[in-house]
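Please look over the structure below before reading on. My notes follow as numbered points, in short paragraphs.

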Protein chains: 2
Amino acid sequence: MSKQQQKSALSESESKPASGNVSAESAKKIRNFRKNRSSEKELLKGLLEGNKTALGRGITLIESNQKSHQKQAEFLIEGALPHAQKSIRIGITGVPGVGKSTFIESFGSYLIEKGKKVAVLAVDPSSSVSHGSILGDKTRMEKLVTEKNAFIRPSPSGDSLGGVARKTRESIILCEAAGFDVILIETVGVGQSETTVHSMTDFFLLLKLAGAGDELQGIKRGIVEMADAIVINKADGDNQKAARDAKLEFNRALQLYPLKESAWKPEVKLCSALYHEGISDVWEMISDFKEKVDENGFFQHNRLEQNKFWLYQTINDYLKSRFYEDSKVKEELKRQLQLIENNETTAFAAAKHLLSLA
Amino acid sequence: MSKQQQKSALSESESKPASGNVSAESAKKIRNFRKNRSSEKELLKGLLEGNKTALGRGITLIESNQKSHQKQAEFLIEGALPHAQKSIRIGITGVPGVGKSTFIESFGSYLIEKGKKVAVLAVDPSSSVSHGSILGDKTRMEKLVTEKNAFIRPSPSGDSLGGVARKTRESIILCEAAGFDVILIETVGVGQSETTVHSMTDFFLLLKLAGAGDELQGIKRGIVEMADAIVINKADGDNQKAARDAKLEFNRALQLYPLKESAWKPEVKLCSALYHEGISDVWEMISDFKEKVDENGFFQHNRLEQNKFWLYQTINDYLKSRFYEDSKVKEELKRQLQLIENNETTAFAAAKHLLSLA
């Protein structure tokens, strides 16, 4: 949106009586529109000033499935976009019990002491209002939640992974525009959500435990492949020897993978989030990473590639849902599947027929 | 197509003078149509009688990108479908040099001695007329190529993997209708072609060499996961000890994988295709497999699931190509990608805009 348009929208938002030329209904609509525009502009202003209440309300608009809220959200995102992108986005994953919340509490508090503003988001498509979710229980981050420079938001709920992903990506933009310069995105090691978080972050951190085999930890090989760092948590007390052994083992395993496009060699770190040990090491590593990928151009390149990926992903998802939700297609699909089952048509003939309908 | 229609089409094909009511142009069209219908019916008849020339011509129609040929191919496939499905479809993969051609020559000849009719197809999206392809060089299967009960066809060329896959699947139907009861589908360990062949076969066989590490053999872990059998080829002469060691190792590795939906436990076999050793063992194993999956219902279930997979795959591919090949979309996509690059729009806003065009 250009300066010009913004200005005219502003002047429109001053309250004027409806002219005699418009019906009462139209006048009401115009008043509502002006009022909404005005409140959106207020919201955007608050957001850009770093107001956490405004940020929270903005994300609520993004998460809403109401048409009018979506329009408002679009306005906010458009206004936020030029002010975003100044952050580092860090994905954090690990199986339940590995200590993600404790790690984020410790890591986030450390960053705030260093003068950073830290936003914590989550991607958990299994979450729903009734069933609770990761980050839903803010008491698990007792200290962080009270910090002025921390913003914590549970996963948007009751939606498909695609929907959660879109909402989280848009929320990142608002957080960045509100001045948060470290964005932590938590996810659980379930289904496709790790791949999704990987494709919206700059640095992907895998939390592990010492002493538990890969099978026990339920970590898929693909996740290790995506990781920029493996951080072995709970490396304290009796666990220390096992943690050091695990570090050696992971270092050996990581050498088998081909060099990443970022030219970054994934590192293995030990930490004890509970005792705040090794936390500064993790941040130092991520700072090294940032410096390296800024220098070799991968940082910007990767963000652009991620944006393109999401463009195509969004289009392809929509094309499919538009097609399969067509009522004619829905009905005929059942019939064609039956014909296939009876060996009376081929998959290709059935596809061709269905495609002729919509 | 019903019996009735077939009959009337037949009688139409007798040559009659064009009636005075139709133009010379229309009359020509009708004559051509009648002639084509007639030749298609001849072709289908030949095909169902097991005539290899008819089968070859049918597959040529499937492989053609001409509209009129496609119509003829559809007629053939429709007529073939009720007579297909009586075979076992075996996918065979392995890196270049592992001896796929020698294995197929030896295995195919063995099956023919056992009274089977063997069709050999290939899926190789990298092949093209000028560059040769797997199976393109039939001299590598000197014996098999001369057998009355063998039919060998190189990969359709000059097409995307999606196109090759469709053509191969349709060719399988014609081969089966022509009475071929063992269909071997060869592919190379490149890109997605193994996954593609896996999704059109009943049994997936991975050929390996003894003594070469996984890295050297360039086998991705996902391929081992798909395999119903690992056959270690060239287990002869000095190689025998290494082959036995490799068998132990693979057996150990296979135990780590979860049970397959088919309830079949993948086996590791040794063979020497060159010296025709271990070949009967491989067939015995596949017969055991077939018996087991016939009994537990997986065979039919899997074929149905594969058909459904191809239905959705075909539709989704087409939806995408229809969208991205739209001239308005093409042009605007460039502009939106530029806006994304300049950080002037989000991936989602760009997607929404593009979707409004087509």
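**Notes on the model**

1. H5(A) and H11(A) are roughly perpendicular to each other, because their angle falls between 65 and 115 degrees. This is a predicted model. Helix H5 covers residues 100-113 of chain A, and the angle between H5(A) and H11(A) is about 70°. Their axes lie 10 Å apart. The crossing is right-handed. On the H5(A) side, the contact uses Phe103(A), Ser106(A), Phe107(A), Tyr110(A) and Leu111(A). H11(A) brings Ile279(A), Ser280(A), Val282(A), Trp283(A) and Ile286(A).

2. H3 (residues 52-63) and H6 (residues 161-177) of chain A pack at about 155°, with axes 10 Å apart. H3(A) and H6(A) cross in a right-handed way. From H3(A), the contact takes in Leu55(A), Gly58(A), Ile59(A), Ile62(A) and Glu63(A). From H6(A) come Arg166(A), Lys167(A), Glu170(A), Ser171(A), Leu174(A) and Cys175(A).

3. How far can chain A be trusted? Its mean pLDDT is 84, and 83% of its residues reach 70 or more. Among the elements of chain A, helix H11 (residues 279-295) has the highest mean pLDDT, 97. Helix H1 (residues 3-12) of chain A has the lowest, 36. Over residues 1-20 of chain A the pLDDT is below 50, and this stretch has 13 contacts in the model beyond near neighbours in sequence. Residues 128-133 of chain A are also below 50, with eight such contacts. Where pLDDT is low, the predicted coordinates should not be read in detail.

4. Which residues touch the most other members of the largest nonpolar core? They are Leu55(B), Leu174(B), Cys175(B), Ile230(B), Leu311(B) and Ile315(B), in a core of 65 residues. Helix H6 (residues 161-177) of chain B gives the most to this core, with seven residues. A second, separate core has 64 residues, including Leu43(A), Ala119(A), Val123(A) and Ile172(A). In soluble globular proteins, nonpolar side chains tend to be buried together.

5. Look at Ile230(B) in detail. Beyond residues up to four places away in sequence, Ile230(B) touches Leu206(B), Lys208(B), Val224(B), Phe250(B), Leu254(B), Glu267(B), Val268(B) and Lys269(B).

6. Is Ser171(B) buried or exposed? Ser171(B) counts as buried, because its relative accessibility is 4% and the cut-off is under 20%. Ser171(B) sits in helix H6 of chain B. Leaving out residues up to four places away in sequence, Ser171(B) touches Ile59(B), Ile62(B) and Leu121(B).

7. Ala358(B) lies in the segment after helix H14 (347-355) of chain B. Ala358(B) has a relative accessible area of 35%, so it is partly exposed. Ala358(B) and Lys328(B) are 30 residues apart in sequence, yet their C-alpha atoms are 7.8 Å apart in space. Setting aside residues up to four places away in sequence, Ala358(B) touches Arg322(A), Phe323(B), Asp326(B) and Val329(B).

8. Check two backbone angles. His276(A) is not a glycine, but has a positive phi of about 55°. His276(A) is in the loop between strand E7 (267-270) and H11 of chain A. His276(A) counts as exposed, because its relative accessibility is 54%. Asn343(B), also a residue other than glycine, has a positive phi near 60°. Asn343(B) is in the loop between helix H13 (327-341) and H14 of chain B. Asn343(B) counts as partly exposed, at 22% relative accessibility.

Definitions and conventions: Residues are numbered from 1 along each chain as its sequence is written. Chains are lettered from A and ligands numbered from 1 in the order in which they are written. This is a predicted model: local features need pLDDT of at least 70, side-chain atom pairs count only at pLDDT 80 or more; totals for chains, interfaces and linings use all residues. Side-chain values use heavy atoms; hydrogens and water are left out. A nonpolar core is a set of buried Ala, Val, Leu, Ile, Met, Phe, Trp, Tyr and Cys residues joined through side-chain atoms within 4.5 Å. Buried means under 20% relative accessible area, exposed over 50%, partly exposed in between (1.4 Å probe, protein chains only). Helices (H or I, at least four residues) and strands (E, at least two) are DSSP runs, numbered from the N terminus. Contact means heavy atoms within 4.5 Å. pLDDT is the predictor's confidence in each residue, from 0 to 100. Axes are lines fitted to C-alpha atoms, for helices over the stretch in contact, and angles run from 0 to 180 degrees between N-to-C directions. A crossing is left-handed if the near helix is turned anticlockwise from the far one by less than a right angle, and right-handed if clockwise. Angles under 35 degrees count as roughly parallel, over 145 as roughly antiparallel, 65 to 115 as roughly perpendicular and the rest as oblique.
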